[in-house]
Amino acid sequence: MSNQWWRGGIIYQVYPRSFADSNGDGVGDLPGLVDKLPYIQALGADAIWISPFFKSPMKDFGYDVSDYRDVDPLFGTLADFDRLIDRAHALGLKVTIDQVLSHSSDQHPWFVESRESRDNPRADWYVWADPRPDGTPPTNWQSVFGGSAWQWESRRRQYYLHNFLTSQPDLNFHCPAVQDAMLGEVRFWLERGVDGFRFDACNFHFHDRALRDNPPAAALGAFMVTPENPYGMQRHLYDKTQPENLAFFKRLRTLLDEYGAASVGEVGDDDALTTMAQYTADGDKLHMAYSFNLLTPEFTAAHVRGTVEDMEAKLAEYGGQGWACWSAGNHDVPRVMSRWGNGHASPQLAKLVLALLATLRGSVCVYQGEELALTEVDIPFERLQDPYGITFWPEFKGRDGCRTPMPWRSDAPHGGFSPVEPWLPVPPEHVAHAVDRQQDDPASALAFFRHFLRWRKAHPVFRDGDIRFVDSAEPILAFERTLGAERMLVVFNLGDTRQSFTLPGVGVGGVARTLDGHGLPGAELTGTRLDLAPHGGWIGTLAA
């Protein structure tokens, strides 16, 4: 595969704590993932994205790194990681890993040194600021996880910035030595053979040097916040998404290009689509980026069309070389089957969601378990692990409900994930959707994922073609994909009732033909009239 594998590629996200437990301790690990790589390869993915497995006190489950160059013993060893790389490459899979550059754990040696005094060698490696005259924090900035983004440190008699947990202090990217150090951490994994990186919270690297207060928000923002969280009450003009980030991304891209590695950035921002376009423009920064715009509860044709058309317009505004990565779910949001299902979660909806994402213009991230049509799990308070959910319970229960273990076998304890009680429970409804229940059922969501992704590979128009939306009434979403002389029309019924649609652009004596082989169910074509079952879809060709 060429260095362009990422462009239009299918990336399967693995949350390693919950994927496969090889040593029976109730937590997934790297050896377990190695054993399951053939499953991912058979699914039709081009690459895997592995959420953090680095040494960490696990206050935020690996997104608080205490050693960027080692594997936490919970997940295995560096030798296990090297074996994973070799096995994945032998199967034709690319390996991308999470890199958390914006902040570290407060147990990282760099922070332990930095907090000791104002004049040690790493005194300015983190974001420190004096209090206001009345002792209050230097700005009004809020933490994503609740409360002030500033924490008092008595040793220095200063506040430090933490955009997430207090145990996740923000690194000071205005310090050149910090940039050099973080590029060194990236190079370490490039040398071990990784093919790419997912850069966590990539617009949080820099803060406003002048420490200006954020103004009030006109409306609740779209990034990981719910109405009970005051983070959404501000316009985040000064605590993130600063212009200095662009120059750092150019340095990062130069390093990645040395190794032919790819990158995808997570953009959490009020105007995320503009930021995505900026960060991927000109072919000299990130390769692609994704946002939370399709990770919301809204599932309408207008919302999907508006998001994609907005993204296309932003990409064109910034030179047309940028690239989006679309996802409907990940480890930070409720599972798409519950979020978009509106009480109608079914294998048919799972098939529709995959077909929709995989036919849009852009790359695709598939979160583990989406191929099984897994729903969100209601975790009781006493089993909650996520500090975000514990803080805002009961109005918001956090992210545990989408992080429960993968069910592999319906006839084994805990769905075959582990022989002992796992770190989060495996509910009976997930056991009923286990891999062994679906793998030999041609009507299952898993069978469709495998078939559709193989079929998509045979049609370059879906990886490289242009996109143009066709006017339609809710809940119909219709668009064309074109590449050279090839012209495809894609139509989806996003609703839970039967719908009809008249195919456009077919002249007198023209032909509309259903494309064979994709296996997308729920459509019947009669002349130019298309009848669509609930959550049905149609892919075909048009000739004038």
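Student: How many residues does helix α13 have, and what does its span reach from the first C-alpha to the last?
Tutor: This is a predicted model, where local features need pLDDT of at least 70, side-chain atom pairs count only at pLDDT 80 or more, and totals for chains, interfaces and linings use all residues. Residues are numbered from 1 along each chain as its sequence is written, and side-chain values use heavy atoms, with hydrogens and water left out. Helices are DSSP runs of H or I with at least four residues, strands are runs of E with at least two, and both are numbered from the N terminus. The expected span is 1.5 Å times one less than the number of residues, and helix α13 (residues 445-457), with 13 residues, comes close to the expected 18 Å by reaching 18 Å.

Student: Is α13 mostly covered or mostly open, and how many of its residues are buried?
Tutor: Buried means under 20% relative accessible area, exposed means over 50%, and partly exposed lies in between (1.4 Å probe, protein chains only). Among the buried residues of α13 are F448, F449, W455 and R456. The helix is mostly covered, and of its 13 residues the number buried is ten.

Student: Why does L183 count as buried?
Tutor: L183 is found in helix α4 (residues 176-191). Contact means heavy atoms within 4.5 Å, and L183 touches F248, R251, L252 and L255, leaving aside residues up to four places away in sequence. L183 counts as buried because its relative accessible area is 10%.

Student: Which residue in β8 is the bridge partner of Q151?
Tutor: Two strands pair if DSSP finds at least two bridges between them. Three strands form an open, antiparallel sheet in the order β6-β8-β7, and four bridges join β7 to β8 (residues 158-161). In β8, the partner of Q151 is Y160.

Student: How many disulfides does the structure hold?
Tutor: A disulfide is a pair of cysteine sulfur atoms within 2.5 Å. C402 is in none, as the nearest cysteine sulfur, that of C365, is 14 Å away. For the structure, the number of disulfides is zero.
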